[in-house]
Amino acid sequence: MAMEKENSANFTYMGRSFSELTVNDDSLAFSDCNSDKSGEFPASASQSRRLFLSCAADNPDDLIRQLVSDLESCSIDEQKQAAMEIRLLAKNKPENRLKIAKAGAIKPLISLISSSDSQLQEYGVTAILNLSLCDENKGLIVSSGAIKPLVRALKTGTSTAKENAACALLRLSQLEENKVAIGRSGAIPLLVCLLETGGFRGKKDSAAALYSLCSIKENKIRAVQAGIMKPLVELMADFGSNMVDKSAFVLSMLVTVPEAKTAVVEEEGIPVLVEIVEVGSQRQKEIAVSILLQICEDNMLHCSMVAREGAIPPLVALSQSGTNRAKQKVSVIA
C-alpha cells in the first residue's frame, strides 16, 4: 500500500527550500524510548537461579524450546514463568531474539497479550517488545497479528504494559509499511491519551511512537483529531517536564498539515514557542524556530501573531548568537 510520507523539515517558504535546515538530532531526543526499561520481576530463590542460568547459558536452544512449549501450558503460572524468562533472554542477549522467534514463540506470546490476567498480559507485551528489537522479527510479529493485541494493551493494560506496548508499536512502526496499519488500528488516540495522562515514562514512550507514526499524513491528521495539540503545548510549556524536546519534535512532524497549524494556534502554542526561542536550549530554540516557520508559511495573520507575542527580540538575539542553521531560519522569519 502506498503511503504519503512527509518530512517535517522539507518545506518551502517564500520560494526557498529548507530541507537542508533540519534539526538532525531527533534520534538523541528519542534514543531512550525503544527498549524494555521495566524492573525485574519478583522471583523466589530457585526461580532467580534458573533465570540467571537461562540468561548466562552459552547454548540456550534447548531451554528456548522448552520455554516456548511452556507458553502454551494449561497452567497460568507456567505461562508467566516462561514469558518472564523469554523476556529476559531477549533483553540480555540480542542474539537470542532471532532464536526465540525461530523457535515459534511469537504467536503464543501474542495470545498472552490478550489474556484477562493483567500480569500475564504485561509479560507477553514485554517479551514481544524485546523480540521486536531485532529487525528481522518485526515482519513476523506484525504478520502474526500483534498490532491489535498491543493496541488493546494500550487501552486496558497495567501502566507497565501500556508503556511497553507503546515501545513495541514504536519499534514495529520503524518499518514504513506498518505505519498505516498501526494508525488504522486505533493506536493513535490511545497514544495521545498516554501522552496526556501517563507517568514520565509513558509520556516519553508515547511521544516517541507518535513521532515515528506521524511521518505519514493520515496519521498526522489522526493525531490532531485525537487532541494531541493540548498535551504537546502543555509539555513544551513545562521546562521541568523533561519533555520539551520530545514534544517539540512531535509538533515539528505534525505542522506540515494545515489541521495541525490551526490546532497549535487555537491551543495558544505560539506564546509557548516564542518563550522557547527566548529561554530554551540551543536545540530547543532551533526546533521552535522551525515550527514557527511552518506556522507562518503563507499566513500573514500567523506572522502578525508571532510578532505580537514578542518574538522579534529573541529572534534577533538568536540571529546573532545561534548556530548557522538557526541564523538561516531566523533570517526568513525576520
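1. Helix 4 is largely enclosed by the rest of the structure, because 12 of its 17 residues are buried, where buried means under 20% relative accessible area, exposed means over 50% and partly exposed lies in between, with a 1.4 Å probe and protein chains only. The buried residues of helix 4 are Gln79, Lys80, Gln81, Ala82, Ala83, Met84, Glu85, Ile86, Arg87, Leu88, Leu89 and Ala90. Helix 4 covers residues 76-92 and reaches 24 Å from its first C-alpha to its last, close to the 24 Å expected at 1.5 Å a residue, the expected span being 1.5 Å times one less than the number of residues.

2. On the basis of these values: this is a predicted model, in which local features need pLDDT of at least 70 and side-chain atom pairs count only at pLDDT 80 or more, while totals for chains, interfaces and linings use all residues. Residues are numbered from 1 along each chain as its sequence is written, and side-chain values use heavy atoms, with hydrogens and water left out.

3. The protein chain as a whole holds 22 helices and two strands, which are DSSP runs numbered from the N terminus (helices H or I, at least four residues; strands E, at least two). Of its 334 residues, 55% count as buried. Among contacts (heavy atoms within 4.5 Å) with a separation of 6 or more, 73% join residues 24 or more positions apart.

4. Helix 18 (residues 269-279) packs with helix 19 (residues 282-296) at an angle of about 145°, their axes being 8 Å apart; the axes are lines fitted to C-alpha atoms, for helices over the stretch in contact, and angles run from 0 to 180 degrees between N-to-C directions. On the helix 18 side, the residues that meet helix 19 include Ile270, Leu273, Ile276 and Val277, and those in helix 19 include Ala288, Val289, Ile291 and Leu292. By class, this contact has 10 nonpolar, one polar and two charged residues, with Ala, Val, Leu, Ile, Met, Phe, Trp, Tyr, Cys and Pro counted as nonpolar, Asp, Glu, Lys and Arg as charged, and the others, Gly among them, as polar.

5. Gly104 is found in the loop between helix 5 (94-102) and helix 6 (106-113), and at 37% relative accessibility Gly104 counts as partly exposed.
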